[in-house]
Amino acid sequence: MATMRFSTNLEFNGCLANLNSPYSQPKSSLTKPFLCVQAPKGLSGNESIQFSVKPRGFGRMGVGSSLPKRISRVEAKEGLTYKDAGVDIDAGTELVRRIAKMAPGIGGFGGLFPLGDSYLVAGTDGVGTKLKLAFETGIHDTIGIDLVAMSVNDIITSGAKPLFFLDYFATSRLDVDLAEKVIKGIVTGCQQSDCVLLGGETAEMPDFYANGEYDLSGFAVGVVKKDSVIDGKNIVAGDLLIGLPSSGVHSNGFSLVRRVIERSGLSLKNKLPGGDVTLGEALMAPTVIYVKQVLDIISKGGVKGIAHITGGGFTDNIPRVFPDGLGAVIYKNSWEIPTVFNWIQEAGKIEDEEMRRTFNMGIGMVLVVNQEASQRILNDNHGSQSAYLIGEVAEGEGVRFL
């Protein structure tokens, strides 16, 4: 059984009624990731397709939701990797390459659709196997915040203001009280994003999910003026990288986290080693929603590119915003890494490179700015909305840590 939930938005419906904008036809290129406005063959001028696959693993297509494999005796003596936990980032990259042949222009954090002098910017995501921890801890009232965060944080990388959000809640047997808790979190996330929960779907599918379990997906749409799109095209060597702190693991890498927990022998009720909360509380901390902070920074000028640090970590996400030939130099000791990451690395004996390609390491959003803007941002952002100078743009592709 599927139940659709929608509210009306007359202003937006009016916009759709007047949608006559033809597609522009940019040359498709995965190295120019922020613009996806080309219509594949077979689509009319009023339709658009956008695929965006990133690790949640790349989680955009749900790759990170597989159960962990059994630890072999050899693995138990060696450092864990995301691939050991069942998530193959390289396979996700290959899938993006293949999809690009069918839908040219993909690869950005959000898809852009032309509407008059603006673009609608859309994003979709889930929360991956963080749901498994929600089931185990019984913490259901914040997972909806994670769901909203993963989509709205993606679309603000283009400079878009979120307009509305849609959710999909699926379960084998509907527990109304539990579902209410989840949707309450979604409402909170929308409030933090200054957007509307416009509707959604509740799907009850007997025998499809384990008893007491559910799955979530979310979809966000925002808007940005065409002359205000942040696309990274003007980034040059010498520009600076500003990092906005995360609350912890956010919603990526949980297939590996769960393998580390299994190896450590700890319970989610145990105190986080070196911390002052339980392991479960630390891991379930809701994803930071950066909408208001980032849009305020953008409004003051100087922002050239933005990367949402999700699955793929620093290594795969930061380069997505750069023009060809440029890369990043990261200052390793320029921010405080949350205790939970230190525990994950130690308990899982995970190499630095693997940590940086899997987790956000305490930085959930990276802004590429000119030097004048960097000083203003650092001076203006303190306390709960702090910011760090974490690196610079340099000649040569890739990400280096110094």
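This dialogue reads some features of a predicted model, from the whole chain down to single residues.

Reader: Where do I start, and how many helices and strands are in the chain?

Author: Start with the inventory. The chain has 13 helices and 12 strands.

Reader: What share of the 402 residues counts as buried?

Author: Buried means under 20% relative accessible area. By that cut-off, 52% of the 402 residues are buried.

Reader: Which residues touch the most other members of the largest nonpolar core?

Author: The general idea comes first. In soluble globular proteins, nonpolar side chains tend to be buried together. In this model the largest nonpolar core has 92 residues, and Tyr214, Leu283, Phe322 and Ile344 touch the most other members. Helix 5 supplies the largest share of this core, seven residues. There is also a second, separate core of six residues, with Leu115, Leu120, Phe164 and Val221 among them.

Reader: Helix 5 has come up. How do the axes of helix 5 and helix 6 cross?

Author: Look at the distance between the axes, then at the angle. Helix 5 covers residues 143–155 and helix 6 covers residues 176–193; their axes come within 6 Å and cross at roughly 40 degrees. Helix 5 is therefore oblique to helix 6. An angle under 35 degrees would have counted as roughly parallel.

Reader: Is the crossing of helix 5 and helix 6 left-handed or right-handed?

Author: The crossing of these two helices is right-handed.

Reader: Which residues of helix 5 and helix 6 meet?

Author: From helix 5 come Ile143, Gly144, Ile145, Leu147, Val148 and Val152; from helix 6 come Val182, Gly185, Ile186, Thr188, Gly189, Cys190, Gln192 and Ser193. Sorted by class, the contact of helix 5 with helix 6 has eight nonpolar residues, six polar and no charged.

Reader: How many of the residues of helix 7 are buried?

Author: Count residue by residue. Helix 7 spans residues 254–264, and nine of its 11 residues are buried, so this helix is mostly covered. The buried ones are Phe254, Ser255, Leu256, Val257, Arg258, Arg259, Val260, Ile261 and Arg263. Just after helix 7, Gly265 has a positive phi of about 80 degrees.

Reader: How do the axes of helix 7 and helix 11 cross?

Author: The axes of helix 7 and helix 11 (residues 339–348) come within 9 Å, crossing at roughly 60 degrees. That angle makes helix 7 oblique to helix 11. The crossing of helix 7 and helix 11 is left-handed. Val257, Val260, Ile261, Arg263 and Ser264 of helix 7 make the contact with Trp343, Ile344, Ala347 and Gly348 of helix 11. By class, six of these residues are nonpolar, two polar and one charged.

Reader: Is Ser374 buried or exposed?

Author: Ser374 lies in helix 13 (residues 371–380). Its relative accessibility is 5%, so Ser374 counts as buried. Apart from its neighbours within four places in sequence, Ser374 is in contact with Leu240, Ile242 and Val369.

Reader: What about loops? Where is Gly311 found?

Author: Gly311 sits in the loop between strand 8 (303–308) and helix 10 (313–317). With a relative accessible area of 0%, Gly311 is buried. Gly311 and Ser251 are 60 residues apart along the chain, and their C-alpha atoms are separated by 8.4 Å.

Reader: What phi do Asp207 and Met361 have?

Author: Asp207 is not a glycine, yet has a positive phi of about 75 degrees. It belongs to the loop between strand 5 (196–204) and strand 6 (214–225). At 78% relative accessibility, Asp207 is exposed. Met361 is not a glycine either, and has a positive phi of about 55 degrees. Its loop runs between helix 12 (352–358) and strand 10 (363–369). Met361 counts as buried, at 8% relative accessibility.

Definitions and conventions:
Residues numbered from 1 in each chain as written. Predicted model: local features only at pLDDT ≥ 70, side-chain atom pairs only at ≥ 80, totals over all residues. Heavy atoms only, no water. Axes fitted to C-alpha atoms, helices over the stretch in contact; angles between N-to-C directions. Helix = DSSP H or I, 4+ residues; strand = E, 2+ residues; numbered from the N terminus. Parallel < 35°, antiparallel > 145°, perpendicular 65-115°, else oblique. Left-handed = near helix turned anticlockwise from the far one by under 90°. Contact = heavy atoms within 4.5 Å. Nonpolar A, V, L, I, M, F, W, Y, C, P; charged D, E, K, R; others polar. Core = buried A, V, L, I, M, F, W, Y, C linked by side-chain atoms within 4.5 Å. Buried < 20%, exposed > 50% of the residue type's maximum accessible area, 1.4 Å probe, protein only.
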